[in-house]
Amino acid sequence: MLLDQHYLFAPGPTPIPDRVKAAMNQPMIAHRSQEFPKLLEDVSTRLMPVFGSENPVTVLAGSGTSALEAAAANVIEANDHIVVIVAGAFGDRFAAICETFGANVHRLNIEWGNTCKPKQLEEFLQSIPNDIKAVFATYCETSTAILNPIKDLGAVVKRLTNALYIVDGVSCIGAVPVDMKGWNIDILVAGSQKALMLPPGLAFVAISDTAREVIRNCKAQRFYLDLNRYLASYETEKSTPFTPAVSLIYGAQEVCNMFEEEGFENVIKRHQLLKTMTREGLKAIEIPLLTSDEDASPTVTAVRTLDAPSKQMKKMLKDKFAITVGGGQKKLKGEIFRIGHMGYCTPFDIIKVLGSIEMTLKFLQGTNVLGKAVKRAEEVWMDHV
Ligand SMILES: *Cc1c(COP(=O)(O)O)cnc(C)c1O
């Protein structure tokens, strides 16, 4: 095989389009120049529909976790009561962040592989006697490949509490619909290296007017991640308080061009198709999946590895076919592998990964399923064209 052929199907980082790479190669500009404010304003406002935000999106230099930490650091004061929906490793991470900032964290534990049902959140919120400062949910819980019903959960938060509703959209914003106002979301965070087709290094925070007030009045100590500094710098000079990741922001501008050319509704539809092709293809060769069709995310699919040969699949996909998939995290380590299909991903890419899985099965188990998953995926695709 050609040594420069690598196929990245991890649920982040994800492949980068050539035109985004080219955009990032533009000459460096000073962030206190005349050019930079135009660039930042362009990106912050053109990302608004992608985040379903009524306000320009705040851009930080950092990985997705920096945006999660910013959300916690700008809202939580010591001893606040915070509810965190923990449906996997990333819900767990946010709970740990909140604990670091001195919150009383109430974890609503959901069985891994399932979504949080509105009724579960309702009963949980009713069981807590304290005033709740914020409720946190993961939109796509990447570790289990589910997509939580963020809209319906937001309606419960709104009906039962005065809490802020904070959503981790790191592994799906750029691939799914969202409406912050309509769904009662106050803070929505994302990272660059998942569905947004960029290298790692940018974090995004979209902030509602309500959250803005809470952030302004929050007395907790913070410096680099003090969102007030970012909001003030943007408002007064369309800039950032500290040196921004200029090249990545050029890349983000090209991503906005790509979203607008394809049409964001079509981007969303493409991810639905990728999901259905992947799942139907795998079902056709009797590969067990972790989640139900209804709970599954359009950006990542989790495959169960129940027996010894299937636990070899991830390694063989890499060694024989140069395909990188993600492993299981925490308690799912060794129990699943995850196929990322978000961002710069086409139906042809799904054919590639399914074909490789067929061959891997033949190598490992001698089962002759060649062509079966691919055929089924092609049928699904043909229904869409
Ligand atoms: C990837 C990811 C993050 C952030 O991870 P970083 O490694 O800090 O970029 C947060 N939440 C979810 C749901 C993710 O998938």
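Biologist: Let's start with Leu 290: which residues does it touch, leaving out those up to four places away in sequence?

Modeller: A contact here means heavy atoms within 4.5 Å. Leaving out residues up to four places away in sequence, Leu 290 touches Gly 113, Thr 144, Ala 302, Arg 304, Leu 332 and Ile 336.

Biologist: Before we go on, what sort of model is this?

Modeller: Residues are numbered from 1 along each chain as its sequence is written, and side-chain values use heavy atoms, with hydrogens and water left out. Local features need pLDDT of at least 70 and side-chain atom pairs count only at pLDDT 80 or more, while totals for chains, interfaces and linings use all residues, since the model is predicted.

Biologist: Is Leu 290 buried or exposed?

Modeller: Leu 290 sits in the loop between H11 and strand E11 (300-304); helices (H or I, at least four residues) and strands (E, at least two) are DSSP runs, numbered from the N terminus. Buried means under 20% relative accessible area, exposed over 50%, and partly exposed in between (1.4 Å probe, protein chains only). Leu 290 has a relative accessible area of 11%, so it counts as buried.

Biologist: That loop also holds Glu 286. What is its phi?

Modeller: Glu 286 follows H11 and counts as exposed, at 71% relative accessibility. Most residues other than glycine have a negative phi. In Glu 286, though, phi is positive, near 55 degrees.

Biologist: How far apart are the end C-alpha atoms of H11?

Modeller: The expected span of a helix is 1.5 Å times one less than its number of residues. Helix H11 (residues 264-284) has 21 residues, so it should span 30 Å. The end C-alpha atoms of H11 agree with that, at 30 Å.

Biologist: Which residues are closest to the ligand?

Modeller: A residue counts as near a molecule if one of its heavy atoms lies within 4 Å of it, and 14 residues surround the ligand. Among them, Thr 65 has a side-chain N or O atom 2.4 Å from a ligand oxygen, while Asp 168 has one 2.6 Å from a ligand nitrogen. The closest are Ser 63, Thr 65, Thr 142, Asp 168 and Lys 194.

Biologist: One last thing: which peptide bond is cis, with omega near -10 degrees?

Modeller: Most peptide bonds are trans. Look in the loop between strand E1 (7-9) and helix H1 (18-24), where Pro 13 lies. The cis bond is the one from Gly 12 to Pro 13.

Definitions and conventions
A polar contact is a pair of N or O atoms within 3.5 Å; within protein, one must be able to donate a hydrogen and the other to accept it, and residues adjacent in sequence count only if both atoms are side-chain atoms.
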